[in-house]
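Here is a colleague's note for a reader who is meeting this structure for the first time. Please keep the model open while going through the numbered points.

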Amino acid sequence: MNVIGTAGAIVGNLGYGRCCSSVSLRSILVIATLLFAMTNLLKLLIVEDKLPECDERCSVIEWLFTPLHFSYTLSFLYSFSNALHLMPISVLAVRLCPKDVETTFYSFQLAIINAGYLISY
């Protein structure tokens, strides 16, 4: 599942670099925050057990919404939206930093994010 999440993060970062570099940071941040919130709300479908059951003759949509496939899709979407959400914040933070401190600030930011992931598990 981590491989799928990492693929989602890579696609999110590449998508930001290719499509969103010419768009204003405010609009990207609003759209990415809404996408991130909707992705997090999709987790409630698993918790509340609202996913449909799939028998032998199920459609493609029902097959995609089986718990296993839904978890993989959700992992990809979560990492994708997380990457899209963090990139405008990182770009804004680098713009606000004094010159020659960008790399130090970026490593500090990643250290805080990794510490948060470590604490959350």
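1. In what follows, buried means under 20% relative accessible area, exposed means over 50%, and partly exposed lies in between, with a 1.4 Å probe and protein chains only. By that rule S81 is buried, because its relative accessible area is 1%, and S81 lies in helix α4. Over the chain as a whole, 21% of the 121 residues count as buried.

2. On the basis of the note: the model is predicted, and local features need pLDDT of at least 70, side-chain atom pairs count only at pLDDT 80 or more, and totals for chains, interfaces and linings use all residues. Residues are numbered from 1 along each chain as its sequence is written, and side-chain values use heavy atoms, with hydrogens and water left out.

3. On confidence: pLDDT is the predictor's confidence in each residue, on a scale from 0 to 100, and its mean over the chain is 81, with 83% of the residues reaching 70 or more. Among the elements, helix α1 (residues 2-19) has the highest mean pLDDT, 88, while helix α3 (residues 60-64) has the lowest, 62.

4. On the overall build: helices (H or I, at least four residues) and strands (E, at least two) are DSSP runs, numbered from the N terminus. The chain holds five helices and zero strands.

5. T39 lies in helix α2 and counts as buried because its relative accessibility is 3%. The C-alpha atoms of T39 and S75, which are 36 residues apart along the chain, are separated by 9.3 Å.

6. On the nonpolar core, a term for a set of buried Ala, Val, Leu, Ile, Met, Phe, Trp, Tyr and Cys residues joined through side-chain atoms within 4.5 Å: the largest one has six residues, namely Y16, C20, L25, I28, A32 and L84. Helix α2 (residues 25-47) gives the largest share of this core, three residues. Y16 touches S21, L25, I28, L84, M87, P88 and V91, not counting residues up to four places away in sequence.

7. On the cysteines: a disulfide is a pair of cysteine sulfur atoms within 2.5 Å, and by this rule the count comes to zero. C20 is in no disulfide, and the nearest cysteine sulfur, that of C19, is 5.9 Å away. C20 is buried, with a relative accessible area of 18%, and C97 counts as buried at 15% relative accessibility.

8. Not counting residues up to four places away in sequence, Q109 touches I89 and S90, and S90 is among the buried residues of α4.

Technical notes
Contact = heavy atoms within 4.5 Å.
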